[in-house]
Each structure stands twice: as structure tokens, then as C-alpha cells.
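Hello,

Here is the structure we talked about handing over. Please open it alongside this note; what I found follows below.

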Amino acid sequence: MATEFPHAKHNMTAVAPSKNVQKRRKANPQIEERQNVYWDLRGRYQEEYDKRLDSLPHHGRGSTKASEIFRAATKLYYDFWNNGMVNNTSGALNYLLYAGVFQTQNDQDFAVIHPYTIGSRIYLNEMGLRFTMERMLDRTIAFLLSNVDLENSKNDVDYLDFSQQSEMNNLDRCTVRNIHFLQMKETEAEVVTVAASEGATDATLTRTHTSKAQDSKKKKKGKKKRVPSAKNLVNIMN
């Protein structure tokens, strides 16, 4: 069976950055395997998240400041879960800083996410980033709920205007992730091979040991049993 890479030609489509693809929902179809994350419809503010996601336009910026803030946060979140952070999403993150979700660039969550948005760091399935992205979305929704005036504030800004120059383009990021994936698969295969080899060695030793024991029994069978004397029996019993 051919290796199915995370980023292959048949499963990649070029999409305009202004298209709000995050409106798509791709929860794990195996309900019992779903995690407590927005992606699997189990986020902390899931009902609020769903309502706001439905209200986003299919293309372009939000009509209010609140909707643009939410649009930026969900674009970041979508790129993480669906694409493995291979796109330049620095504009979305920088806009959240500008809007006040993050107070400074030294904010821990901002500092963790930022390198991935510009390609100076490649996402290779670090669990820490998963928790950070979930917290980023929690913080965004909590911020909007506590700043209700943003719901009626007209928006004249597009988060894409806050984008930085990417240090590595999306195709190169895909290549790095594919190579990492292949290395992981090769390592897994080596572990399985070693485990199977060790199992075979143990089985061989066991069979050899059993064979020798059987040979020993056969040799004993051919020998005449010596009946111990009464004196020896007494000694054995004592």
C-alpha cells in the first residue's frame, strides 16, 4: 500500500485567503473518538462558536469588529486543524493583538503561535500547540462576550492587512511535514520489525529448550530405574 502523505496533490486545493473556509465543519465521524475541542463540536463555548461561525460571510471581512475578530481567530484555528499550519496566518494572529485579545507580543499564547504562522517553525504534531490553539479560541470568545459593544461597531478593517512576510512558503512547509511523516512511519516500521525479531528469538529459544528437555526425557526412558534401598528411603523422607 502506498504511503498517504498529509499533503498530497489529490487532497490539496488552492483557495483565496479571503474565503472563509473555516465555516466548514469536519468533526471526527467516530463520535467515541472525539476530543473536547471546537473541531469535534465539544469546545468550552461550543454553542457560541457555532452561532458566530454560521453568521460569518462566505467571503471577505466581517461587517462588525466582533465578527472580524472571530473570523481571524477561526481562520487560525482552521488552518491548524485542517492544514497543519502550512499557510501564512500571521495576519489573523496580528489582528487579534491589534484588537486586544492579546495585550502584548510577549503574551505566552501569542508567542507560541506566531512562529508557526510565518513558517519560522513547522508544526510537527506538538501537543503543546494544540492546547494553545484551543485556549486562543476560548480567549477570543470570552473577549467578545465581555465586550458586547463590538457587536454593533462597524468594521472597516481586514485582518489580512496585518500579514507579515512568510519565512517559508506553504509548499515548502508541506514538504517538511511530509518528510517528517515519512520518517515517523519508517521509525514505526523499524520498531515493529525489531519487536517481531525479538519475539521470534524468544520463541526459538523456547523451542530449543523444549526440544532438549524432550531429548532428556527420552534418554531417561531407556534407563532402568534403580529402586532405592530402605535406608535411602528413610534418608529421603527425612
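Helix 2, helix 3 and helix 6 (170-222) each give two or more residues to the lining of the largest pocket. Please keep in mind that this is a predicted model. The volume of the largest pocket is about 780 Å³. Its lining counts 30 residues. Nearest the centre of the largest pocket are Thr13, Val15, Asp79, Asn83 and Asn87. Helix 2 supplies the largest share of this lining, with five residues. Sorted by class, the lining of the largest pocket holds 14 nonpolar, 11 polar and five charged residues.

The second largest pocket comes to about 210 Å³. Its lining consists of Phe80, Trp81, Asn82, Gly84, Tyr123, Asn125, Arg130 and Arg177. Helix 2 again leads here, giving three residues to the lining of the second largest pocket. The classes in that lining are three nonpolar, three polar and two charged.

**The cavity**

Rolling a probe the size of a water molecule over the atoms shows where empty space is left. How many cavities of 30 Å³ or more does a search of the whole structure find? The search finds one. About 90 Å³ of space lies in this largest cavity. It is lined by 13 residues, and Arg24, Arg25, Tyr38, Trp39 and Tyr49 are the closest to its centre. Two elements give two or more residues to the lining: helix 1 (46-55) and helix 2 (65-83). Helix 2 has the largest share, at three residues. By class, the lining of the largest cavity splits into eight nonpolar, two polar and three charged residues.

**Tyr77**

Tyr77 is worth a look on screen. It sits in helix 2. Is Tyr77 buried or exposed? Tyr77 has a relative accessible area of 1%, and the cut-off for buried is under 20%, so Tyr77 counts as buried. Beyond its neighbours within four places in sequence, Tyr77 is in contact with Val37, Tyr38, Trp39, Tyr49, Met133, Glu134, Met136 and Leu137. Tyr77 and Arg130 are 53 residues apart along the chain, yet 9.6 Å separates their C-alpha atoms. Arg130 is also one of the residues lining the second largest pocket.

**Helix 3 against helix 4**

The axes of helix 3 (residues 90-99) and helix 4 (residues 108-118) come within 8 Å. They cross at roughly 150°. Angles over 145 degrees count as roughly antiparallel, so helix 3 is roughly antiparallel to helix 4. Which residues meet in this pair? Helix 3 brings Ser90, Leu93, Asn94 and Leu97. Helix 4 brings Phe110, Ile113, His114, Thr117 and Ile118. By class, the residues of this contact are five nonpolar and four polar, with no charged ones.

**The chain as a whole**

The secondary structure comes to seven helices and zero strands. Along the sequence the pattern reads α-α-α-α-α-α-α. The chain has 238 residues, and 36% of them count as buried. Take the contacts between residues at least 6 apart in sequence: 71% of those join residues at least 24 apart.

Best wishes

How values were computed: Residues are numbered from 1 along each chain as its sequence is written. This is a predicted model: local features need pLDDT of at least 70, side-chain atom pairs count only at pLDDT 80 or more; totals for chains, interfaces and linings use all residues. Side-chain values use heavy atoms; hydrogens and water are left out. Axes are lines fitted to C-alpha atoms, for helices over the stretch in contact, and angles run from 0 to 180 degrees between N-to-C directions. Helices (H or I, at least four residues) and strands (E, at least two) are DSSP runs, numbered from the N terminus. Angles under 35 degrees count as roughly parallel, over 145 as roughly antiparallel, 65 to 115 as roughly perpendicular and the rest as oblique. Contact means heavy atoms within 4.5 Å. Ala, Val, Leu, Ile, Met, Phe, Trp, Tyr, Cys and Pro count as nonpolar, Asp, Glu, Lys and Arg as charged, and the others, Gly among them, as polar. On a 1 Å grid over the protein atoms alone, a cavity is a set of points where a 1.4 Å probe fits but cannot get out, and a pocket is an open set with protein on both sides within 12 Å along at least five of seven lines; lining residues have an atom within 4 Å of a point. Grid points are joined across faces, edges and corners, and a volume is the space filled by probe spheres set on the points. Buried means under 20% relative accessible area, exposed over 50%, partly exposed in between (1.4 Å probe, protein chains only).
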